[in-house]
Amino acid sequence: MEKLYWSKRNYLFKSEKYGWLLYAGLSNSFFKLSDELKKAIDDYKQGKELNIPQDVLAKFQKTGVLSKYTDEEFDRLYLLKWTKMQAQNDYMNLTIAPTMNCNFRCSYCFEKNFRNTKMMDLSLTQNIIDFANKRKVKRLNVAWYGGEPLLGLDFIKHFNHETYEAGFDVSQSIVTNGYLLTEEVVKYFDFIWLKNIQITLDGNKETHNRRRPHVDNPDSFGRIMDNLEMLYTYCNFNGYWPNVNIRVNIDKTNEDDYPKIKNMLYKKYGTFFNVYYAFIHDSNSCVDKSEVIINTENEKDYKEKLDKKYCIDDETFYPTQFGNCFCGAQILNNYVIDAEGLMYKCWEDIGIKEKAIYNLNERQFNNVLREADFIIKTQAIFDENCKNCFMFISCQGGCPKHSLENKKKCHVFKNNVQIFLERHYEKSLHKDFIY
Ligand code: SF4
Ligand code: SF4
């Protein structure tokens, strides 16, 4: 039999409660091993024959627990995959803010300092088309962003018309606060087959209105609730099925609102809305929120609380696997455009002129080194810690901006792996991965 190698992405430990638990990081797989199987693996590592059942061997090979490739060869294959991904240049991902203006005044908004009433000039559409043509792409994945993008609906409509006329295949999504989501807007979304809608709600009425106040309506929550009802009804009657994600931004002051809003929407609309939480972190806040931030160190406790206190049973103690990078900022044909026609790599750079890499008005790159940094410097396989980390394939080194700023944060799973694997095992006892 050919030689097989135990992957450095495996994490194996003996749980006091459940025995041997194995996380196979190459494929994000999980196994519970018997003592005999553990011993057979130890024997093999010490040079004896591999003596494990054929079906187990097949699963171990399929999931990369054991492989004909060495760790060093896998690292090379990873880089090959990365290179192929960068060479796949028949599409372009564009996050476009038709305005940086917003009808909300959220306390934690990181764009506060760049807010102005300017709308994107319609003529910039042609510059975007020319930019895409130069790269020879015919497919555009556009995420409408802001400010509040629905304040710039005229630009969105113009852009759709012009790119259609120019022969582009355009796939779209939007990040909105949901306040201007009228039936007319939803009809338009249906018309352009907009696939993903992300709306932010920060909790129940009192919490949301306090944290995300509208400029003049004290009850933005009520208006958004009405809009969600309309969206749900429209979709049900018209066969339009976008993914609607409700993001709840939380810190220590509203962490108990997330389960409440999630349960409330579930009771009314079943699984139509996908409700999830996101931590507010210090770099996306204009004010010092270090006192109230929930960070990866206490994310574990938050997950436990959701599970035990609120019975949120879709709370996962298991990592999800990204593609070949953590974020689009690391991909060549991936840009963020602000209302003035400046292009950036990262969503959080938007509005910070010195971080812009290309100027659509002047049709020229002015900070190509920042682009190089995002694509090359953030490659985590060259970081010694990440390179040898069992979490690497799932984590990919985390947010590239954090990495450039030397603020890299490890995945919550990494530092809690034993507790999380035990919890995952408890929640999955019916599954057939036990040997
Ligand atoms: S680089 Fe980080 S902050 Fe910027 S868009 Fe990507 S994940 Fe978000
Ligand atoms: S950032 Fe941390 S968890 Fe992620 S791959 Fe690197 S060392 Fe592992």
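Modeller: Domain bounds come from an automatic or database domain assignment. The model itself is predicted. For this protein the assignment gives domain 1 (1-69 + 414-435) and domain 2 (90-376).

Colleague: What makes domain 1 and domain 2 neighbours that touch?

Modeller: Two residues are in contact if their C-beta atoms lie within 7 Å. By that test, 7 residues of domain 1 are in contact with 5 residues of domain 2. On the domain 1 side, the touching residues are 2 nonpolar, 3 polar and 2 charged. The C-alpha centres of the two domains lie 39 Å apart.

Colleague: What share of the residues counts as buried?

Modeller: A buried residue has 20 or more other C-beta atoms within 10 Å of its own. Of the 435 residues, 34% pass.

Colleague: What makes a group of residues a nonpolar core?

Modeller: The members must be buried, be of the listed nonpolar kinds, and be joined through C-beta atoms within 7 Å. The largest such core has 59 residues. Among them, W144, V248, I337, M343 and Y344 touch the most other members. A separate core has 23 residues, including Y23, M391, C395 and L421. In general, nonpolar side chains tend to be buried together in soluble globular proteins.

Colleague: Which residues does Y344 contact, leaving aside its neighbours within four places in sequence?

Modeller: Y344 is in contact with Y335, V336, D349, I350, K355, A356 and I357.

Colleague: How do you know which residues are around ligand 1?

Modeller: A residue is near a molecule if its C-beta atom lies within 6 Å of it. Around ligand 1 that gives C327, A329, C346, W347, E348, C399, P400 and K401. Cys, Ala, Trp and Pro count as nonpolar, Glu and Lys as charged. The shell therefore has 6 nonpolar, no polar and 2 charged residues.

Colleague: Which of the 13 residues around ligand 2 come nearest?

Modeller: The nearest are C386, C389, C395, C410 and K414. Helix 12 (384-387) and helix 13 (392-395) each give two or more residues to this shell. By class, the shell around ligand 2 divides into 7 nonpolar, 4 polar and 2 charged.

Methods:
Residues are numbered from 1 along each chain as its sequence is written. Chains are lettered from A and ligands numbered from 1 in the order in which they are written. This is a predicted model: local features need pLDDT of at least 70, side-chain atom pairs count only at pLDDT 80 or more; totals for chains, interfaces and linings use all residues. A residue is buried if 20 or more other C-beta atoms lie within 10 Å of its own, exposed if 12 or fewer, and partly exposed in between; C-beta atoms are placed from the backbone. Helices (H or I, at least four residues) and strands (E, at least two) are DSSP runs, numbered from the N terminus.
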